[in-house]
Amino acid sequence: MPILEVKDIHKRFDRSEVLKGISFSLEKGDVLGIIGSSGGGKTTLLRCINFLERADKGTISVNGKVIFDADQHDLTVEQQRENQLNFGLVFQQFNLFPQYTVLENVELAPRLLKRYPDAEIRERSMSLLKRVGLDQKIDRYPCQLSGGQQQRVAIARALAMNPSILCFDEPTSALDPELTGEVLKVIRELAEAKMTMIVVTHEIAFARDLSDKIIFLDHGVIAEEGPAKQVIDNPQKERTKAFLNAIQK
Amino acid sequence: MVQEVMLRLCAGFVKTIELFLLTLAGAIPLGLIVAFGSMSKFKPLKIVVRFIVWIVRGTPLMLQLIVIYYGPGLLFHQNIWGMGTSGRFTAVMVAFIINYSCYFSEIYRGGIESISKGQYEAGQVLGLTRRQVFFKIVLLQVIKRIVPPMGNEIITLVKDTSLARVIAVYELIWAGQTFIKSDGIIWPLFMTGIFYLVFSGILTVLLAKFEKKLSYFN
Amino acid sequence: MLMKKEKKVKTSSKILICALVLVLCAAFAFAGGKKEAASSDKAYVAGKGTLVVGITDFAPMDYKEGNEWVGFDADMAKAFAKELGVKCEFIEIDWDSKSMELENKTIDCVWNGMTLTDGVKKAMATSNPYCNNAQIIVTKKGIADSLKKAEDAKKLKFAVEAGSAGEEAAKENGYNSMAVDTQAAAVMEVAAGTSEACIIDSLMAAAMVGPGTSYPDLTYSVALTTEEYGVGFRKGSDLVPAINDFFKKAYADGSMMKAAEKYGTQASIIPQK
């Protein structure tokens with residue numbers, strides 16, 4: 001049974017239909033890369049999965065249990081929040097909380113939601129920060145860190161709530177080129193540790209190496225999907241070819 | 001004479017400080033409620049609150065004082081403030097707190113709306129409730145942004161307390177002016193300026209300290 | 001960066017202290033200010049060609065008819081200016097600031113049914129009294145009937161103008177009184193029910209309360225003290241003897257009484273001898 005099953009997601013903003021029926025599934029421990037041109041609906045899809053937008057139609061299931069159904073409106077706020085916690089999200093703009101230190105950023109949600117005993121939260125947070133290579137900077141504030149460091153903190157923060165699936169929304173787009181490497185390295189290590197992930201990215205080479213499966217999203221539909229190397233190296237559809245050509249030039 | 005003047009000015013100054021502190025204590029929290037009202041997704045509430053804010057900010061505080069204190073008796077023949085000093089003080093507090101809540105609410109609204117959507121979303125995807133997102137994440141950032149404009153309003157309030165005299169609450173200016181009326185001496189009125197200057201000077205320093213305290217983050 | 005900021009704070013507190021010292025100096029300059037009029041006030045007024053009269057809107061002494069100020073005081077002021085050979089100009093002032101206006105030379109006299117209280121006599125040079133006035137109790141109609149003499153009003157809560165003759169009268173009679181800003185505010189207190197009674201000038205009461213006024217439900221009853229009106233000038237002004245001579249002349253030739261009859265104040269005029 002796949003860990004995530006997305007069925008027929010539709011989303012419309014005013015007049016334009018951004019998602020026109022997206023379905024895919026993801027196995028536990030796999031990495032899904034989502035590529036496509038701007039305005040193709042990649043970010044909207046990720047936001048629908050993370051409950052930041054409400055899809056107009058479709059369902060989302062995790063481990064066989066339906067956690068979102070567009071036709072069902074009677075979910076309480078608490079249930080919705082609980083369902084949403086199956087996912088973690090790393091933003092393009094990091095969105096760290098500026099008034100908190102690195103450690104406080106990571107610990108805030110687990111402490112407020114009383115997920116674990118305090119001592120355990122500290123222990124887990126420290127080990128997460130060590131994992132992203134920032135255990136020496138726990139008392140710094142976000143404004144004292146480089147963009148790459150901030151994004152690594154954001155990854156640790158997303159992991160702190162122990163999500164089943166970690167999502168990335170163009171995690172390196174806001175970074176200077178020389179800083180992307182350190183973030184990509186962390187994501188790659190997570191993939192090696194069999195973290196289930198969905199990565200929306202413009203870094204085609206990275207997506208190819210990292211992902212088990214790639215979806216090419218174009219004008220709100222899945223234009224092509226398949227094993228990463230096949231989609232990137234040997235695309236079947238004209239639209240995919242055109243996109244890959246344009247981006248690699 | 002100098003001693004007599006200082007004594008009476010100090011008594012007036014105590015009333016001025018009372019007006020100042022109680023207005024802040026009332027208007028700072030009430031302003032937040034007004035701000036939420038003016039940003040409400042429930043349209044009728046939003047319209048009503050913004051209309052009230054428009055009226056309060058669009059008319060002089062002195063007029064509001066007179067209307068609030070004399071209005072009930074003059075227009076409806078129902079004096080709600082009773083007679084004597086406590087009713088006057090209460091009326092002044094009501095007028096001041098309403099007035100300053102409206103001014104503060106606009107500052108709060110500007111501050112709240114200046115926080116990026118990403119901060120709310122980051123809190124939301126971590127599973128925090130809306131209340132937690134507001135109080136644990138957004139509020140301090142809002143406070144940092146509103147300290148300078150709030151400082152301006154607070155300094156203005158120091159001087160606005162002198163309006164209380166129109167309904168005979170004996171604050172500092174009143175105390176200074178009585179010497180002109182009863183003894184024909186003018187300098188005590190000028191002396192009140194020193195009290196205001198010292199007081200607003202102290203506030204300026206405190207506000208600068210507070211601002212500095214919040215300068216550790218962006 | 002930190003150092004710089006601290007330095008800034010220090011400079012600003014220095015500026016603050018300097019400002020305070022300046023204000024202090026100014027305040028004491030006023031306190032110890034010289035009292036002697038530099039030269040002849042009469043010559044000063046003649047030199048600029050106008051007599052600037054500080055007034056408030058106070059029927060029947062000074063009030064506006066169309067664009068012109070009229071009233072018993074206004075007419076007398078015009079006559080006095082004519083006698084001095086200068087133009088007469090009326091300026092509405094804040095009553096509380098009248099002595100400041102005088103010393104500041106923004107007006108030359110206060111001629112506005114001004115009661116000669118001790119405070120007024122201390123703050124300015126004054127003419128001989130020319131008109132009698134009474135301090136009178138104003139209440140709502142229902143209460144007035146139970147007031148026969150000053151004693152009866154002791155249970156009432158009064159509003160009086162701060163520093164006015166009315167306030168002095170309230171103190172002398174042992175009334176429970178509250179000082180407010182102006183006589184008009186005192187009357188408004190009674191109308192709004194925030195005070196039960198007020199004490200104002202009888203001449204003003206005649207014009208302000210009762211049928212046909214803004215306050216038809218109010219009425220006036222017991223008269224307390226009587227008092228006198230005078231004209232105020234800068235301290236040491238030589239216009240004081242000039243106006244006293246003018247009053248004598250105007251009383252003797254009947255023009256003063258004629259003006260008084262025009263505005264209904266003839267019964268209150270004090271003979272000028």
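# Reading contacts, helices and confidence in a predicted complex

Colleague: Let's start at the interfaces. How many residues of chain A are in contact with chain B?

Modeller: 20 residues of chain A touch 17 residues of chain B. A contact here means two residues whose C-beta atoms, placed from the backbone, lie within 7 Å. Keep in mind that this is a predicted model, where local features need pLDDT of at least 70 and side-chain atom pairs count only at pLDDT 80 or more, while totals for chains, interfaces and linings use all residues. Residues are numbered from 1 along each chain as its sequence is written, and chains are lettered from A and ligands numbered from 1 in the order in which they are written.

Colleague: Which elements of chain A give two or more residues to that side?

Modeller: Elements are DSSP runs numbered from the N terminus: helices are H or I over at least four residues, strands are E over at least two. For chain A, they are helix 2 (77-84), strand 6 (87-90) and helix 3 (102-112). Helix 3 of chain A gives the most, with three residues.

Colleague: And how does the side of chain A that touches chain B divide by class?

Modeller: In this scheme Ala, Val, Leu, Ile, Met, Phe, Trp, Tyr, Cys and Pro are nonpolar, Asp, Glu, Lys and Arg are charged, and the others, Gly among them, are polar. That side of chain A has 13 nonpolar, six polar and one charged residues.

Colleague: Which chains share the most contacts?

Modeller: Of the two pairs of chains in contact, it's chains B and C. There, 31 residues of chain C meet 29 residues of chain B. Helix 1 (2-31) of chain C supplies the largest share of its side, 11 residues. Other elements of chain C that supply at least two include helix 4 (98-103), helix 5 (118-123) and helix 8 (183-192). By class, this side of chain C comes to 19 nonpolar, seven polar and five charged residues. Chains A and C have no contact, and their closest C-alpha atoms lie 16 Å apart.

Colleague: What is the secondary structure of chain B?

Modeller: Eight helices and zero strands. The C-alpha atoms of chain B fill a box of roughly 70 × 45 × 25 Å along the principal axes. Of the contacts in chain B with a separation of 6 or more, 72% join residues 24 or more positions apart.

Colleague: Pick one helix. Is helix 7 of chain B mostly covered or uncovered?

Modeller: General idea: a residue is buried if 20 or more other C-beta atoms lie within 10 Å of its own, exposed if 12 or fewer, and partly exposed in between, with C-beta atoms placed from the backbone. Helix 7 of chain B is mostly covered, with 11 of its 12 residues buried. Among them are B:W174, B:F179 and B:K181. The cover includes helix 1 (2-38) and helix 8 (187-213) of chain B, plus helix 4 and helix 5 of chain C.

Colleague: How far does helix 7 of chain B reach from its first C-alpha to its last?

Modeller: Helix 7 (residues 172-183) of chain B reaches 17 Å, close to the 16 Å expected; the expected span is 1.5 Å times one less than the number of residues. Just after helix 7 of chain B, B:G184 takes a positive phi of about 70°.

Colleague: Back to chain A. What is its radius of gyration?

Modeller: The radius is taken over C-alpha atoms, and the globule rule is 2.2 Å times the number of residues to the power 0.38. Chain A has nine helices and 10 strands. Its radius of gyration is 18 Å, close to the 18 Å the rule gives for 249 residues, so chain A is as compact as a globular protein of that length. Of those 249 residues, 44% count as buried.

Colleague: What domains does chain C have?

Modeller: Bounds come from an automatic or database domain assignment. Chain C gets domain 1 (41-132 + 229-268) and domain 2 (133-227). Their centres, over C-alpha atoms, are 26 Å apart. The contact takes 14 residues from domain 1 of chain C and 11 from domain 2 of chain C.

Colleague: Where in chain C does the pLDDT stay under 50?

Modeller: pLDDT is the predictor's confidence in each residue, from 0 to 100. Chain C averages 84, and 86% of the residues score at least 70. The pLDDT stays under 50 over residues 1-9 of chain C, a stretch with one contact beyond four places in sequence. Residues 31-37 of chain C are also below 50. Where pLDDT is low, the predicted coordinates should not be read in detail. For the complex, the predictor gives an ipTM of 0.92 and a pTM of 0.77.
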